[in-house]
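Below is a short report on selected local features of one protein model. Please read it alongside the sequence and coordinates.

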Amino acid sequence: MNSNGTLPDDESLRARAQESLLRCGVRLPEGGGEVIARTPLTGATLFTLPATTEQEADAAIGEAAQAFAAWRTVPAPQRGALVKRLGALLTEHKEDLADLVTVEAGKIRSEALGEVQEMIDICDFAVGLSRQLYGRTMASERPGHRLSESWHPLGVVGVISAFNFPVAVWSWNTAIALVCGDTVVWKPSELTPLTALACDALLARAAADVGAPDGVHRLLLGARETGERLVDDERVALVSATGSVRMGREVGPRVAARFGRCLLELGGNNAAVVTPSADLGLAVRGIVFSAAGTAGQRCTSLRRLIVHEDVVDALVEKIVHAYGQLPVGDPFDADTLVGPLISASAHQAMDQALAAAQADGGKLLTGGDRLLAAEAPGAVYVRPAVVRMPEQTAVVRQETFAPILYVLAYRTLDEAVALHNGVPQGLSSSIFTQDQREAERFLGADGSDCGIANVNIGTSGAEIGGAFGGEKETGGGRESGSDAWKAYMRRATNTVNYSDSLPLAQGVNFL
C-alpha cells in the first residue's frame, strides 16, 4: 500500500479555505472564539470562531418561528423557487464547497465533489416535489360527503448534522423542509463549521434573490449544549438529528417529552453477504469502496463481510490484494483514495477494536498501521484493515467509525441472514449473488432487516431518489427521497358534507 506523496502545509490549507469562503460570501470575524475550525489533513487549527450564545440561539429560533407564520402561506411552487435558486448557487460554487469539505472532513476530491453534487440533486428533487405534495380522496360511507386528507407545513425544523457528511445531510433536510413550508435552524457538527458558514451564506443569498422572508434559515455554531437548545425548545416542531446511537438515546426521549417530533439517523453496522454464485470481481469493487471509502467514516460503510465458505478464501485474497493498491494520503491529490481519519480519538477507537478482535481469535490480514506520522504528527492516516473472524463477537457487533472490515464465513443462507441481522443496528445491507432466489430472499420479509437492502452493489452510495434511513438502533428516520417529505408536514383528514342532511358515521342516530 502506498502513502501518497507530501501533505499540504497549514498556511496553504488556511488560504484555500478562506478564498472558498470569500467566494461563497463569508467573511470570517476577527478575533478568537470557542469553535475551532480544524483540518484533519494536518491536524492544524485554521480558524477560531465565536460560538452562538444562548441568547442568540433563542433569538434565532424565534426568528425562524416568526418567518414560518409567513412562509407556510406561500404557495409550494413559489417555495420551490427558493430551492431552485439555492441549487443554482450550489452549482456555481461546487468547487469552493468541495474544497471546504476536503479541508474540514478530509474527503478525497471525488467524494467531496460528489457530496456537493448530492446537494444539487436534492434541490432538483425538491423543486419537483413542490408541485407534488399530494393528498388523497377516499370513499365516504355517508352519501353527499367527501372524505380526503391534506398535508400542511409543520413548523420550525431543527437540523443537527454530523461531520462525515457536513453538507449533504443538511441539504436533504433543508431542501425538503423549505418546499414543505417549514423554516430551518441548523446546528452543524462542531468539527465542520466552515462548510456550514458557506452553505448558510449561499442560502441567505438565495432567499434574498427570491424575496423569501427573513428567518427561513438560521445557523447555530457550537458544541453539544447548542444542539440541546433545539432539542428542548417547544418552538422546534421537528428535530432531525444525525449522529451516534448514544446521541439518539438522549435526543429521542427529550423531544418526545415535549411531544415534538424526531427524525433520527444513527449508527450503522452494515454487512454484505457474498454467495457462491457471486461475480467476485464485481463484489471486490463494491466491497472495497464501501469499506475503505471515506476512510470507513460513513454511516453506510461496510463493516462486516459474510462470505460462503466455498469462496471466502478466494474473495479475501482478492480484497487484501486490492487494499494493497489503495493510495493513502493527501485527499487533494487526484490519485489518493483514502484520506485521514477525523481525529486522534477515531484512531484510538480503531486500535482498541483491532486489539479486541484479535483477542477474540481474529486474524489481522492487512492494515491497521499508521502512516505519515512524521509528516503530520497532528493528523491520523491509517491503512484500512481486514480482519478474519471465527465468529461474530461483541466487537464485531459494535460500530467502530474507522476502516475495519470483519470477514465471517457461513454455510447456509439462513445462517448468513442470521449473522447479518444479529447486530443492534439496521441501516444498510447488500448481497452479491447471481441466484434470483437468494436475492429475493434477502430482500424479503425474512431477509435483511435494514432500511436499505441492495443486490450486487455495496452498502454505501445511496441515491437521493430513495428514502434514506434504517431500523432498530439506527433510529427509524427517513430522509431525502420517496415520501420522506411527509415527516416535515402535518396531516389533516377532512370531511365535507355537501348534502342537505346530516347522517352520522357507523349508522349512529342522535337527535
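Predicted model: local features only at pLDDT ≥ 70, side-chain atom pairs only at ≥ 80, totals over all residues.

**His145.** His145 sits in strand 5, which spans residues 145–153. The residue has a relative accessible area of 9%. The cut-off for buried is under 20%, so His145 is buried. A polar atom of its side chain lies 2.9 Å from the backbone oxygen of Pro143. Beyond its neighbours within four places in sequence, His145 contacts Ser140, Thr495, Val496, Asn497, Tyr498, Ser499 and Pro503.

**Gln425.** Gln425 belongs to strand 19, residues 425–426. Gln425 is also buried, at 7% relative accessibility. Its side chain reaches the backbone oxygen of Arg397 at 3.3 Å. Asn270 is 155 residues away in sequence, yet the C-alpha atoms of Gln425 and Asn270 are 7.9 Å apart.

| Side chain | Backbone oxygen | Distance |
|---|---|---|
| His145 | Pro143 | 2.9 Å |
| Gln425 | Arg397 | 3.3 Å |

**Helix 1 and helix 4.** Helix 1 covers residues 10–24 and helix 4 covers residues 94–105. They pack at an angle of about 140°, with axes 9 Å apart. Their crossing is left-handed. Helix 1 contributes Leu13, Arg16, Ala17, Ser20, Leu21, Arg23 and Cys24 to the contact. Helix 4 answers with Asp96, Leu97, Asp99, Leu100 and Val103. By class, the contact residues are 7 nonpolar, 1 polar and 4 charged.

Key:
Residues numbered from 1 in each chain as written. Heavy atoms only, no water. Helix = DSSP H or I, 4+ residues; strand = E, 2+ residues; numbered from the N terminus. Buried < 20%, exposed > 50% of the residue type's maximum accessible area, 1.4 Å probe, protein only. Polar contact = N/O pair within 3.5 Å; in protein donor to acceptor, adjacent residues only side chain to side chain. Contact = heavy atoms within 4.5 Å. Axes fitted to C-alpha atoms, helices over the stretch in contact; angles between N-to-C directions. Left-handed = near helix turned anticlockwise from the far one by under 90°. Nonpolar A, V, L, I, M, F, W, Y, C, P; charged D, E, K, R; others polar.
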